[in-house]
Amino acid sequence: MSNYRVWAPYAAEVELLTGDPSAPEHHTMTACVDGPDGWFEADKAMEIGERYAFRLRATAGHGAPQPDDSDSDSGSGDSDGAGTDSDGADCSAATDDAIGDWTIPLPDPRSRRQPDGPHGFSEVVDLAEYDWKAADWTGRILPGGLIYELHVGTYAESGDFAGVEKRLDHLVDLGVTHVELMPVQPFGGDRNWGYDGVSWHAVHEGYGGPEGLQKLVDACHARGLAVILDVVFNHFGPDGNYVGFFGPYTSGGNTGWGEVVNLIGPESDEVRAYVLDAVRLWLADYRIDGLRLDAVHALHDEGAFHILEQMQVVADTVAAQTGVPRSLIAESDQNDPKLVKPRAAGGFGLAAQWDDDVHHALHTVVSGEDHAYYSDFGTVETLAQTLREAFHHAGTMSTFRGRVHGRPLDLSVQPLSAFVTYTTTHDQTGNRASGDRPSMNLTPAQQALKAAVVACSPFTPMLFQGEEWGASTPFAFFCSHESDLLLRLTREGRIREFARAGWNPEDIADPADPQTFEDSKLKWAELADEPHATLLDAYRALFGLRRTRPALGSPWADSVETAVEGQTLLLTRRADGDVVQLAANFSGEPAEVAVDAAYLDLLHTHVDAPAAVGDGVVKLPAWGYAVLG
């Protein structure tokens, strides 16, 4: 293997520590003169299984924050040869005058394994050693698929990758094609959503570490399931974040979760390489089929070659090299179709983006909630518009934001299947004061109605863990930072956030309380009980139709017609000579919907609110629906 290397432009001196963390060996590292600025290399080859860390002394003008500073700068570095290569470069002793004391031992920002968590020594691993069983996997494209979002720590009983593997058959039976894992990068403690991750090239040890993730991906592929990994490149978590000691990985300013990542400032090329190498790592070394890119609107990049477009180039390159498609999915609150517009048409060319407008429109008409960002939604007409056009705010006034928001799609170059829609997500559930799910507030008939709309929509549908059986458990925000200060600040931040949205502070789940995490775990025994079993049957039937009816499942079947009368909606989908209609009643009173007499075969209706069909009319009970074809 290559020698130990690290990018540390803030350092005048760097020392490599190897072996037993309690009594490590010390090795001098020298600055590489002929390679990119800021790189240091040790005259020692990396060894599989060896533990290692770095100590730094800062140059004048680059004093680093203390390890216990919750506002420490963030960034990235390299030492395992995965980044910019300068083999053969002339390395000599550093010449800058050092100031201050040596830092404590710091983990490698490019570490691929953190056996003791984000605060401990790193460990050298060789991801190529894994013996892939499903080596003949040919992949899945995203259009026409069904995504299932899950949190590794709460999805299965054991709270790890192995536990998820034991529950994969449930997803296959449900008709899922893509398993989406919430972030798995290392975080402080043993409970976290994952969006506070650090060490962007590593895997949380408590979930099973690098090999555990490879085994899960292998098991998914063996069952015909693609894997999507949620990744966070817009900020570094506060617990275990030492990258600011090494270099300018952030550039000031705040995203609301942490400092802005340095993608455009001085010395940002190496930070950009750190991000792109992470993309390549997940897609190539872990054989992940796609990445969900968290909050891309917080990626501050004014360059001509945007980081998102560069990520897509990496994904395309890996796909070309392996013959397996790779998909990038963006989360953005900007309603900007440029994300999924083809690169040839001036866009970034991503495979898909999340579409909250459809969720908001559907949630409000069923639940009646109209606070905060729901205030611009709430009518069946708005729901119908989002089903046709993806966005409600498309260059129109957003009263919640107090300004014009979004821009319209060009459907001639952007298929509606490029938008991911859902009845709920980790955000829409967990970012409620108590983490209450829709199933905790709605009847089974109302839940099935929402599922019917998503199943019959022209978009790529996504389910959130447990929604398919109306899980009784909440999914609240939780964390276990290894700092009392960080825990207190997190609690206070949640209270302020929900107070602005009108929530009662007494209803806010304490994110640091272990019980908040325990309460969020799924109860699999519920599947055998009512009303959970009946709702699960409805989900299987609804999303099963997407596999058998071209009008619903064809990846590019974008034909969408809507008719609204009162509180009812008639949605018509057509493709390849197939026609499917959804008649839906969004009220607590019975209603009738006129339908095309040629398509009166009742494909599905929920047993708790059964529809009746006859003489060109569908009679719908309160919150009832009928899928016709």
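**View 1. The crossing of helices α10 and α13 is right-handed.** A crossing is right-handed if the near helix is turned clockwise from the far one by less than a right angle, and left-handed if anticlockwise. The model is predicted: local features need pLDDT of at least 70 and side-chain atom pairs count only at pLDDT 80 or more, while totals for chains, interfaces and linings use all residues. Residues are numbered from 1 along each chain as its sequence is written, and side-chain values use heavy atoms, without hydrogens and water. Helix α10 covers residues 444–456 and helix α13 residues 532–548; helices are DSSP runs (H or I, at least four residues), numbered from the N terminus. Their contact (heavy atoms within 4.5 Å) involves residues including Pro444 and Ala448 of α10 and Leu535 and Tyr539 of α13.

**View 2. Phe586 belongs to the largest nonpolar core, which has 139 residues.** Such a core is a set of buried Ala, Val, Leu, Ile, Met, Phe, Trp, Tyr and Cys residues joined through side-chain atoms within 4.5 Å. Phe233, Trp282, Leu291, Leu293, Met311 and Phe586 touch the most other members. Helix α5 (residues 268–285) gives the most to this core, nine residues. Not counting residues up to four places away in sequence, Phe586 touches residues including Leu362, Val380 and Trp623.

**View 3. Glycine 209 is buried, at a relative accessible area of 1%.** Buried means under 20% relative accessible area, exposed over 50%, and partly exposed in between (1.4 Å probe, protein chains only). Glycine 209 lies in helix α4, residues 209–222. Beyond its neighbours within four places in sequence, glycine 209 is in contact with Phe161, Val203 and His204.

Terms used. Helix = DSSP H or I, 4+ residues; strand = E, 2+ residues; numbered from the N terminus. Axes fitted to C-alpha atoms, helices over the stretch in contact; angles between N-to-C directions.
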